[in-house]
Amino acid sequence: MARRSTGKGGSWEWSRTAQTRRSMLQAAREVFSEHGFADANVSDVVARAGSSVGSLYHHFGGKTELFLALFEEHQAAHEEAAASSVAAAKKAGVRDPVELFITGARAFLEGSWARRDLAMLFMDGDGPPGFELIRRTRGREWVRQNAVLLGAGDTPMGRLTVSVLTSVIGEAAREVATCDSEDEARDVVEAAVALIRRFDPLTAPAPAPGPEA
């Protein structure tokens, strides 16, 4: 990648390099979404980006690295949107952990609709070798972050609850990404939120003890 420079020429070169990367990522997004990872060709990506195979390998190293760069950008967008939404809710005075979780979940699901082509691409299992492990590792980190947000203790019930709620959001994201319209996607989001509010053992009262033996 070109180095940033304080000179005018260096700034222009940096800008051109960033634009080349952006064009390649956009082209890769289109090609991968249309053909999947296995059937996508580097030649199709560079043709659509108006670049060259040499330039693609220079910036990304190959088809696998290009796919993973798209995945990282997609995840970063999710994380930024959720974190910003939760921070705004806290600033507005929201303190209930479940409501904060729902706020972050809404942002995540809205991103799944806005980038539904990528959401489906990364969910359908067609990725480079090792991608499934990367996705599972990211999923475990997502569960950990949700546990902190929900204030779930390190108990079997707490861990199970966070895992189930995280799975609800993951499955809702898949449904959102396959919706035919934004209104339909919005209905799925509201259904997921309603389910989360019903399934809230973190704040529900403990069950009454049974009769003593």
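The model is predicted, so local features need a pLDDT of at least 70 and side-chain atom pairs count only at pLDDT 80 or more, while totals for chains, interfaces and linings use all residues. Residues are numbered from 1 along each chain as its sequence is written, and side-chain values use heavy atoms, with hydrogens and water left out.

**Helix packing**

Two packed helices are described by the angle between their axes and the distance between the axes. Helices here are DSSP runs (H or I, at least four residues), numbered from the N terminus, and their axes are lines fitted to C-alpha atoms over the stretch in contact, with angles running from 0 to 180 degrees between N-to-C directions. Helix H7 (residues 131-150) packs against helix H8 (residues 156-177) at an angle of about 115 degrees, with the axes 9 Å apart. On the side of H7 this contact (heavy atoms within 4.5 Å) includes Trp 142, Val 143 and Leu 150, and on the side of H8 it includes Val 162, Leu 165 and Ile 169. The axes of helix H4 (residues 63-91) and H5 come within 8 Å and cross at roughly 145 degrees.

**Nonpolar cores**

A nonpolar core is a set of buried Ala, Val, Leu, Ile, Met, Phe, Trp, Tyr and Cys residues joined through side-chain atoms within 4.5 Å, where buried means under 20% relative accessible area, exposed over 50%, and partly exposed in between (1.4 Å probe, protein chains only). The largest such core has 24 residues, and among those with the most contacts inside it are Leu 150, Ile 169 and Val 176. The elements that give two or more residues to this core are helix H5 (97-114), H8 and helix H9 (182-198). A second, separate core of 23 residues includes Met 24 and Leu 56.

**Salt bridges**

A salt bridge is a side-chain nitrogen of Lys or Arg within 4 Å of a carboxyl oxygen of Asp or Glu, and a search of the whole structure finds 12 of them.

| Pair | Closest N and O atoms |
|---|---|
| Glu 34 and Arg 48 | 2.8 Å |
| Arg 144 and Glu 141 | 2.7 Å |

By contrast, Arg 144 and Glu 141 are separated by about one helical turn, because they are three residues apart in helix H7. Asp 183 counts as exposed, at 51% relative accessibility, whereas Arg 186 is partly exposed, at 42%.
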